[in-house]
Amino acid sequence: MAPDRIPFNRPYTTGRELDNIAEAHRRLHLSGDGSFTAQCHRWIEQQTGCARALLTHSCSSALDMSALLLDIAEGDEIIMPSYTFVSTANAFVLRGGVPVFVDIREDTLNLDERLIEAAITPRTRAIAPVHYAGVGCEMDAIMAIANRHGLAVVEDAAQGLLASYKGRALGAIGDLGSFSFHETKNIITGEGGALLVNDPALAQRAEIIREKGTDRARFYRGEIDKYTWQDVGSSYLPGEIIAAFLWAQLEEAERITRERVTLWHRYHAGFEQLERQGLLRRPIVPADCRHNGHLYYVLLPPGVDRQTVLRKLNGGGVGSVFHYVPLHSSPAGQRFGRSHGDLSLTASLSERLIRLPMWFGLTESQQQRVCDVLGTILQA
């Protein structure tokens with residue numbers, strides 16, 4: 001990598017991660033659910049208000065557990081956006097479920113809550129809203145629809161740690177929620193995630209599913225004298241080294257988030273003039289949402305060739321990428337799911353979106369350079 005190149009992502013460490021890992025080794029507990037895991041669980045529960053938090057290997061694992069907890073079976077339908085990562089759909093497809101793709105909103109790129117009710121059939125079991133870029137979906141409307149039709153709500157809050165909707169933490173509003181700690185997220189472990197259990201009735205079974213279908217968690221708490229196989233499950237709990245690394249991140253999570261929000265606003269001001277000229281569209285955050293500065297994207301005008309812009313950005317030393325290829329247009333999406341409506345906004349917006357460098361430590365001069373390079377390309 002050239003010294004002056006601005007990478008798209010640069011994982012941030014606080015400096016305490018290796019100390020914590022060494023401490024886990026000194027405590028002679030490297031398998032899952034040690035003291036660092038307990039600290040992480042308490043932190044997430046206190047920050048979000050969820051009934052139970054459980055660390056997992058990934059957000060994908062947390063979504064997989066959600067499908068198991070809801071007993072998703074062959075033919076059950078789950079309403080979700082097509083503009084999301086494959087894990088949102090895979091979790092349910094693995095159980096025989098059918099993703100039903102609904103179009104997104106033009107402003108936030110989130111699931112359009114106004115289209116959900118028309119997509120409900122007798123086979124619908126759940127709604128899976130995805131909080132894109134750490135900006136909350138319209139959860140009041142989604143929860144009202146779910147309550148009217150007796151549906152579960154599984155929040156994919158992979159990008160939503162320390163973001164909120166009307167004062168409520170993302171991931172802690174529906175029945176179940178999930179976080180990601182992938183190295184591209186705000187708070188990282190390299191790979192990692194968490195399941196948020198918001199319905200207390202699901203908490204004990206979630207522990208069992210996470211521990212290979214056994215009640216070992218109750219055994220370790222001294223509630224039973226031996227543990228046995230109780231239910232379906234798998235090994236969803238990460239080792240203590242991952243939790244030790246994560247704890248160092250969580251202790252600094254609010255500071256990291258404040259810095260990222262500052263970076264987000266700096267970009268937002270830097271691109272204001274280009275938006276006024278009609279050369280791009282900046283992200284829109286509703287007043288009742290508090291985002292976490294997870295990513296910054298711009299939308300190109302219709303007709304502008306995104307690949308050309310990306311090639312010039314990267315050629316100019318600015319690491320930039322597109323985002324999701326809509327699931328409804330993918331081979332697996334067409335095989336395992338179905339679309340409700342034409343998903344025209346999903347198709348259009350996904351083809352116009354560019355993500356820009358966004359990481360803790362990005363300097364003001366680097367951000368100015370990103371703005372200048374993109375501005376030069378679009379004004380040419």
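By class, the lining of the largest pocket in this predicted model comprises 13 nonpolar, 15 polar and five charged residues, where Ala, Val, Leu, Ile, Met, Phe, Trp, Tyr, Cys and Pro count as nonpolar, Asp, Glu, Lys and Arg as charged, and the others, Gly among them, as polar. The volume of this pocket is about 610 Å³, and of its 33 lining residues the closest to the centre are Phe-85, Thr-184, Lys-185, His-323 and Tyr-324. Helix H3 (59–69) and helix H4 (86–93) each contribute at least two residues to the lining of the largest pocket. Pockets and cavities were located on a 1 Å grid over the protein atoms alone, a pocket being an open set of points with protein on both sides within 12 Å along at least five of seven lines, a cavity a set of points where a 1.4 Å probe fits but cannot get out, and a lining residue one with an atom within 4 Å of a point. Grid points are joined across faces, edges and corners, and a volume is the space filled by probe spheres set on the points.

The second largest pocket has a volume of about 240 Å³; of the 15 residues that line it, Asp-33, His-41, Arg-52, Ala-217 and Arg-221 are the closest to its centre. Its lining divides into four nonpolar, three polar and eight charged residues, and the largest share, five residues, comes from helix H2.

The lining of the largest cavity has nine nonpolar, two polar and no charged residues, including Trp-264, His-291 and Tyr-297.

Eight strands form an open sheet with mixed pairing in the order S1-S9-S8-S5-S4-S2-S3-S12, helices (H or I, at least four residues) and strands (E, at least two) being DSSP runs numbered from the N terminus, and two strands pairing if DSSP finds at least two bridges between them. Strands S1 (52–56) and S12 (338–339) stand at the edges with a single partner strand each, so one side of each is left without a neighbour in the sheet. Strands S4 (residues 124–127) and S5 (residues 152–156) pair in the parallel sense over two bridges, and Ala-152 in S5 is the bridge partner of Ala-126.

Residues are numbered from 1 along each chain as its sequence is written, and side-chain values use heavy atoms, with hydrogens and water left out. Local features need pLDDT of at least 70 and side-chain atom pairs count only at pLDDT 80 or more, whereas totals for chains, interfaces and linings use all residues.
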